[in-house]
Amino acid sequence: MSGSQYSPEAEEVSFSRDNFIEMDVRSEEAYELAKEWFDEVVFTKTLVLENSPDWPTLKEELKELRGRYGKVALLLVTKKPSLIREVKNRNLKALIYVQGGDMRVNRAALEAGVDALISPWLGRKDPGFDHVLAGIAARRNVAIGFSLAPLLRANPYERVQILRFMAKTWQLVDKYSVPRFITSSAESRWEVRGPRDLMSLGINLGMEFPQARASLNFYPRKILLRLK
């Protein structure tokens, strides 16, 4: 029996089984296509940071994006853990994601309590996620985002490595009952995939069918409640 606290009964009581959510698309064309396949879609603005952003400008941009797309996330791409904490402490009225890959950044994102760490294995020769980080993620209620797009861009050798790292991360996420979601992280319409394809990815990583389904429904809906 896995360590996850998820149960199909809890999902049935709390949320509709037919409501699928795409948590991370990164362009207008990807958003428009995803809206045809998902009940709810989160538009993600990527923010590459080397220094503190221009806060008034950023807040205005996010306000415009909320008006256009409704639910918005801000994806931080940075090598500086201090910037993650700085952004997290601002009331930006958006979900805060951090692009994983750098081990210091992975840990800082979890300790800061952002909404999600996306692909902690990205660009690494290991999963970038261990028992210690899994424990922090569980305590801080930080979701791990399992993204399909890097697999689509990888060569066959890289794809095998990425899948292995994702599967190892899933084992820890399941064991420590860490929140999670499966997403395309699409930057173009060609990278968008529907719920069935994303659930298939989860099953290939070792999820049981109800767990894969919950990664597109139960956990995303809990995360979206933070925007209210």
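Which side chain meets that of Glu187 in a salt bridge? The partner is Arg153, with 3.7 Å from N to O. A salt bridge here is a side-chain nitrogen of Lys or Arg within 4 Å of a carboxyl oxygen of Asp or Glu.

Before going further, a word on what you are looking at. This is a predicted model, where local features need pLDDT of at least 70, side-chain atom pairs count only at pLDDT 80 or more, and totals for chains, interfaces and linings use all residues. Residues are numbered from 1 along each chain as its sequence is written, and side-chain values use heavy atoms, leaving out hydrogens and water.

**Confidence**

The score called pLDDT is the predictor's confidence in each residue, from 0 to 100. Its mean over the chain is 92, and 92% of the residues reach 70 or more. Over residues 1–17, pLDDT stays under 50.

**Salt bridges**

Back to the charged side chains: the count comes to 10 salt bridges. Three of them are listed here.

| Pair | N to O distance |
|---|---|
| Asp24 and Arg26 | 2.7 Å |
| Glu187 and Arg153 | 3.7 Å |
| Arg153 and Glu191 | 2.8 Å |

Arg153 sits in helix α7 (residues 149–153) and Glu187 in the loop between β7 (180–183) and α9 (195–204), so their pair ties together parts that are 34 residues apart in sequence. Helices (H or I, at least four residues) and strands (E, at least two) are DSSP runs, numbered from the N terminus. Glu191 lies in the loop between β7 and α9 too, 38 residues from Arg153. Asp24, Arg26, Arg153, Glu187 and Glu191 are linked in a network of salt bridges.

Are these residues buried or exposed? Buried means under 20% relative accessible area, exposed over 50%, and partly exposed in between (1.4 Å probe, protein chains only). Asp24 is buried because its relative accessibility is 0%, and Arg26, at 16%, counts as buried as well. Glu191 is buried at 12%. Glu187 is partly exposed, with 42%, and Arg153 is partly exposed, with 43%.

**Strands side by side**

Now find strand β2 (residues 40–49), where eight of the 10 residues are buried. Strands pair if DSSP finds at least two bridges between them. Strand β1 (residues 21–25) runs parallel to β2, joined by three bridges, and Ile21 has Glu40 as its bridge partner in β2. Strand β3 (residues 72–78) is also parallel to β2, with seven bridges between them; Leu49 stands opposite Thr78 in β3. From β2 the chain crosses through helix α3 (residues 55–69) to β3, in a right-handed β-α-β crossover. Right-handed means that, with the strands pointing away from the viewer, the path from the first strand over the helix to the second runs clockwise.

**The nonpolar cores**

In soluble globular proteins, nonpolar side chains tend to be buried together. A nonpolar core is a set of buried Ala, Val, Leu, Ile, Met, Phe, Trp, Tyr and Cys residues joined through side-chain atoms within 4.5 Å. The largest one has 62 residues, of which Leu74, Leu110 and Phe129 touch the most other members. Helix α8 (residues 156–175) gives this core its largest share, six residues. Apart from it lies another core of 13 residues, including Val42 and Leu224.

Contact means heavy atoms within 4.5 Å. Leaving aside neighbours within four places in sequence, the contacts of Phe129 include Met103, Leu110, Ile144 and Val173.
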